[in-house]
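Work through the exercises below with the model open. Each task is followed by a stepwise solution.

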Amino acid sequence: MELKKKEILRYLGYNSQKIDSQTNILINESIKEVQGLLHKYYIYKIFDIEKNHTKIHLKNTHIFLEGKDIYKHLFQSEKCVILAVTLGNIIDQKIRYYSKVSLSKSLIFDACATTAIEAITDSIEEEIIAYAKENNFYTTYRYSPGYGDFPLSIQPEILKILDAHGKIGLISTPDFLLLPRKSVTAIIGLQKNPISKYLRSCKNCNLYHTCTYKKEGNHCEHKRINQ
């Protein structure tokens, strides 16, 4: 799997600056190492949905998706795909190892792993888009807990309905962070009408005034996958 250096540099906080030769060497080494350790663990399920005035209910479950942004995201959808992806524990173990022996290598290796999990999730999204086309549905872009006002506290319930612990070894901490760290959960709507190629404006995001990426002259993952 190709890991784009441009994306790695974005995660490292570079914004068109020239990188030094030693950093470039560490990036190239880390790309090869991450590629050699990559495993593609994932699971997804499709749910019918129903809506009241403020919430989205996944039929045949006890789960309600709350928040204005996820409601808007699935407003025209009849179904949604709940997705979980992880690189597994080996990548986490390597990041912990490098954090003890080389901070630079640790940061670069971490950025390469983040690029890898996003690339793998992109490939699974393509698989879901192909399924949708075969069944006469259009897909929304993917949306994850933590985007906008969609709370991270939904993570344990998402993992439970996917049996993500049993199937791919993915769990949530008491603070709703995913373990292994290089993991993603996301929701993709399936609807009968095509959606416009809508690029979400940063100014419309609930995190506009506190966004770390924006302060660094960069952008978040939500904007990347809508470009």
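**Exercise 1. Describe how H2 and H4 pack, and list the residues of the contact.**

Step 1. In this predicted model, H2 and H4 pack at about 145 degrees, with their axes 10 Å apart. Axes are lines fitted to C-alpha atoms, for helices over the stretch in contact, and angles run from 0 to 180 degrees between N-to-C directions. Helices (H or I, at least four residues) and strands (E, at least two) are DSSP runs, numbered from the N terminus.

Step 2. H2 passes H4 in a right-handed crossing. A crossing is right-handed if the near helix is turned clockwise from the far one by less than a right angle, and left-handed if anticlockwise.

Step 3. H2 brings Glu33, Val34 and Leu37 to the contact (heavy atoms within 4.5 Å). H4 brings Ile90, Ile91, Lys94 and Tyr98.

Step 4. Sort these residues by class: five are nonpolar, none polar and two charged. Here Ala, Val, Leu, Ile, Met, Phe, Trp, Tyr, Cys and Pro count as nonpolar, Asp, Glu, Lys and Arg as charged, and the others, Gly among them, as polar.

A note on conventions: residues are numbered from 1 along each chain as its sequence is written, and side-chain values use heavy atoms, with hydrogens and water left out. As the model is predicted, local features need pLDDT of at least 70 and side-chain atom pairs count only at pLDDT 80 or more, while totals for chains, interfaces and linings use all residues.

**Exercise 2. Classify the pair H2 and H5 by angle, then give its contact.**

Step 1. The angle is about 50 degrees and the axes lie 9 Å apart.

Step 2. H2 and H5 are therefore oblique to each other. The classes are roughly parallel under 35 degrees, roughly antiparallel over 145, roughly perpendicular from 65 to 115, and oblique for the rest.

Step 3. The crossing of H2 and H5 is right-handed.

Step 4. On the H2 side the contact uses Thr23, Leu26, Ile27, Glu29, Ser30, Ile31, Glu33, Val34 and Leu37. On the H5 side it uses Ser104, Lys105, Ile108, Phe109, Cys112, Ala113 and Ala116.

Step 5. By class, this contact of H2 with H5 holds 10 nonpolar, three polar and three charged residues.

**Exercise 3. Is isoleucine 95 buried or exposed, and what does it touch?**

Step 1. Isoleucine 95 sits in helix H4.

Step 2. Its relative accessibility is 6%, so isoleucine 95 counts as buried. Buried means under 20% relative accessible area, exposed over 50%, and partly exposed in between (1.4 Å probe, protein chains only).

Step 3. Leaving out residues up to four places away in sequence, isoleucine 95 touches Ser106, Phe109, Asp110, Ala113, Arg181 and Lys182.

Step 4. Check the C-alpha atoms of isoleucine 95 and alanine 113: they are separated by 9.0 Å, for residues 18 apart along the chain.

**Exercise 4. Find the largest nonpolar core and its main contributors.**

Step 1. A nonpolar core is a set of buried Ala, Val, Leu, Ile, Met, Phe, Trp, Tyr and Cys residues joined through side-chain atoms within 4.5 Å. The largest has 33 residues, with the most contacts inside it made by Ile8, Val34, Leu87, Ile91 and Phe109.

Step 2. Helix H1 (5-11), helix H2 (21-37), strand E4 (79-86), helix H4 (89-101), helix H5 (103-134) and strand E8 (183-191) each supply at least two residues of this core. H5 gives the most, with 11 residues.

Step 3. Another core, of 27 residues, lies apart from it and includes Ile43, Ala84, Tyr147 and Leu170.
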